[in-house]
Amino acid sequence: MGGRQIGALWPRNVRPLLAQGRGPAFASRAQVLDCREGLEAESGAWGRAVAHIIVVGNEKGGAGKSTVAMHVATALARMGHRTGTLDLDLRQRTLARYLENRSRHMAREGLDLPSPLFAELPEIDQSALPPGENVMDHRLSAAVATLEGTCDFILIDCPGSHTRLSQVAHSLADTLVTPLNDSFVDFDLLARVDNDGETIMGPSVYAEMVWNARQLRAQAGLEPIDWIVVRNRMGAQNMVNKKKMEAALSKLSRRIGFRVAPGFNERVIFRELFPRGLTLLDLRDIGVTNLNISNVAARQELRDLVKALQLPGVTVGF
Ligand SMILES: Nc1ncnc2c1ncn2[C@@H]1O[C@H](COP(=O)(O)OP(=O)(O)OP(=O)(O)O)[C@@H](O)[C@H]1O
Ligand SMILES: [Mg+2]
């Protein structure tokens with residue numbers, strides 16, 4: 001019952017917002033929020049809360065979004081939480097393919113590993129929509145609705161670029177996870193830094209997009225986004241850069257309001273697991289009894305990350 005209501009509320013809410021003169025991008029994001037607000041108000045009647053939405057986003061490509069998304073979603077599924085996933089990168093479909101690889105590997109090997117659900121964004125006939133409504137909004141709404149009724153968590157993997165789908169998804173985020181390569185090139189999408197690598201000159205495009213999403217949630221009376229930046233692919237060397245990044249992130253976190261979570265070091269295992277759709281947590285189940293030191297450390301990093309996310313109802317037990 002719960003899921004379908006988002007779709008039913010969507011068209012009803014967009015028209016008044018458009019009439020107020022807001023641009024379509026904002027109108028629809030606010031409208032999505034209105035839908036969730038409506039659902040939350042009614043959730044008592046269903047005897048369960050609405051799903052907690054975790055968005056993994058960063059407009060910088062290759063930061064580790066899909067890797068983090070797959071690991072967090074699988075960790076939640078393994079801990080017994082009903083977890084659904086969406087992949088908003090409709091071209092690369094990395095998370096979708098990761099999960100396809102997992103299903104195929106499990107079928108071939110006769111394995112039954114705990115796994116998150118996956119929902120496709122359904123095709124919607126643009127010509128059937130009322131004028132001014134965005135087909136992508138409707139596709140996202142329908143996909144969220146598919147998972148909302150049955151999941152505790154919905155994890156949304158965003159593309160490494162600025163798209164309408166990603167923008168709308170960010171305003172839905174209860175928790176936003178932003179993996180960031182340990183490089184000032186990647187940092188530049190959050191904030192501009194002066195030549196000294198220390199002085200922050202102002203927020204950049206991605207931080208501004210998150211700020212807009214936060215404004216929309218505030219207008220809708222929703223809880224603020226809990227934004228967590230995760231450092232990824234940290235190297236054992238280059239201590240000077242590492243320390244500078246740490247200092248810059250710490251300064252920026254206070255200024256634009258995010259938490260910094262412990263992330264992953266550069267580890268080859270992350271690249272090896274994809275073809276079989278596996279995560280670090282599955283290795284024991286497929287018969288790897290002696291994890292090497294790097295894999296044990298990577299597991300610990302994942303544990304620390306999931307703990308740091310402070311997700312509702314989650315006690316990390318792996
Ligand atoms: N901690 C890590 N150590 C080593 N390799 C990593 C690590 N994290 C991610 N990778 C590798 O980096 C590449 C990019 O990762 P991933 O696809 O998760 O990034 P993304 O942010 O989703 O990229 P896109 O923006 O293209 O969607 C992949 O080859 C992945 O296997
Ligand atoms: Mg990706």
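**Exercise 1. Which way does α5 pass α6, and which residues meet?**

Solution. Step 1: take the handedness. α5 passes α6 in a right-handed crossing. A crossing is right-handed if the near helix is turned clockwise from the far one by less than a right angle, and left-handed if anticlockwise. Helices here are DSSP runs of H or I with at least four residues, strands are runs of E with at least two, and both are numbered from the N terminus.

The model is predicted: local features need pLDDT of at least 70, side-chain atom pairs count only at pLDDT 80 or more, and totals for chains, interfaces and linings use all residues. Residues are numbered from 1 along each chain as its sequence is written, while chains are lettered from A and ligands numbered from 1 in the order in which they are written.

Step 1: take the angle. α5 and α6 pack at about 50°, with their axes 10 Å apart. That makes α5 oblique to α6. Axes are lines fitted to C-alpha atoms, for helices over the stretch in contact, and angles run from 0 to 180 degrees between N-to-C directions. Under 35 degrees counts as roughly parallel, over 145 as roughly antiparallel, 65 to 115 as roughly perpendicular, and the rest as oblique.

Step 2: list the residues. Met136, Asp137 and Leu140 of α5 meet Arg164, Leu165, Val168 and Ala169 of α6. Contact requires C-beta atoms, placed from the backbone, within 7 Å. By class, this contact has five nonpolar, no polar and two charged residues. Nonpolar covers Ala, Val, Leu, Ile, Met, Phe, Trp, Tyr, Cys and Pro; charged covers Asp, Glu, Lys and Arg; the others, Gly among them, are polar.

**Exercise 2. At what angle do the axes of α6 and α8 cross, and which residues make the contact?**

Solution. Step 1: the axes of α6 (residues 164-172) and α8 (residues 205-219) come within 8 Å and cross at roughly 50°. That makes α6 oblique to α8.

Step 1: α6 passes α8 in a right-handed crossing. On α6, the contact uses Gln167, His170 and Ser171. On α8, it uses Met209, Val210, Ala213, Leu216 and Arg217.

Step 2: sort by class. The contact of α6 with α8 has four nonpolar, three polar and one charged residues.

**Exercise 3. Describe how α3 and α4 cross.**

Solution. Step 1: their axes come within 9 Å and cross at roughly 45°. α3 and α4 are therefore oblique to each other.

Step 1: α3 passes α4 in a right-handed crossing. Ser66, Ala69 and Met70 in α3 meet Thr94, Leu95 and Tyr98 in α4. These residues divide into four nonpolar, two polar and no charged.

**Exercise 4. Is Ala75 buried or exposed, and what does Ala75 contact?**

Step 1: count. Ala75 has 25 other C-beta atoms within 10 Å, so Ala75 is buried. The cut-offs are 20 or more for buried, 12 or fewer for exposed, and partly exposed in between, with C-beta atoms placed from the backbone.

Step 2: look along the chain. Ala75 and Leu281 are 206 residues apart, yet their C-alpha atoms are separated by 7.2 Å. Leaving aside neighbours within four places in sequence, Ala75 contacts Leu281, Leu302, Val306 and Phe318.

**Exercise 5. Which residues touch the most other members of the largest nonpolar core?**

Solution. Step 1: define the set. A nonpolar core joins buried Ala, Val, Leu, Ile, Met, Phe, Trp, Tyr and Cys residues through C-beta atoms within 7 Å.

Step 1: read off the members. Of 65 residues in the largest core, Val55, Val56, Val72, Ile154, Leu155, Ile156 and Ala169 touch the most others. Helix α3 (residues 65-78) gives the largest share, eight residues.

Step 2: follow one member. Not counting residues up to four places away in sequence, Val55 touches Ile156, Cys158, Ala169, His170, Leu172, Ala173 and Leu176.

**Exercise 6. Where do Arg93 and Gln310 lie, and how exposed is each?**

Solution. Step 1: recall the background. Most residues other than glycine have a negative phi.

Step 1: take Arg93. Its phi is positive, about 55°, although Arg93 is not a glycine. Arg93 sits in the loop between β2 (83-87) and α4 (94-109). With 17 other C-beta atoms within 10 Å, Arg93 is partly exposed.

Step 2: take Gln310. Its phi is positive too, about 50°. Gln310 is in the segment after α11 (293-309). With 12 other C-beta atoms within 10 Å, Gln310 is exposed.

Definitions and conventions:
Two residues are in contact if their C-beta atoms, placed from the backbone, lie within 7 Å.
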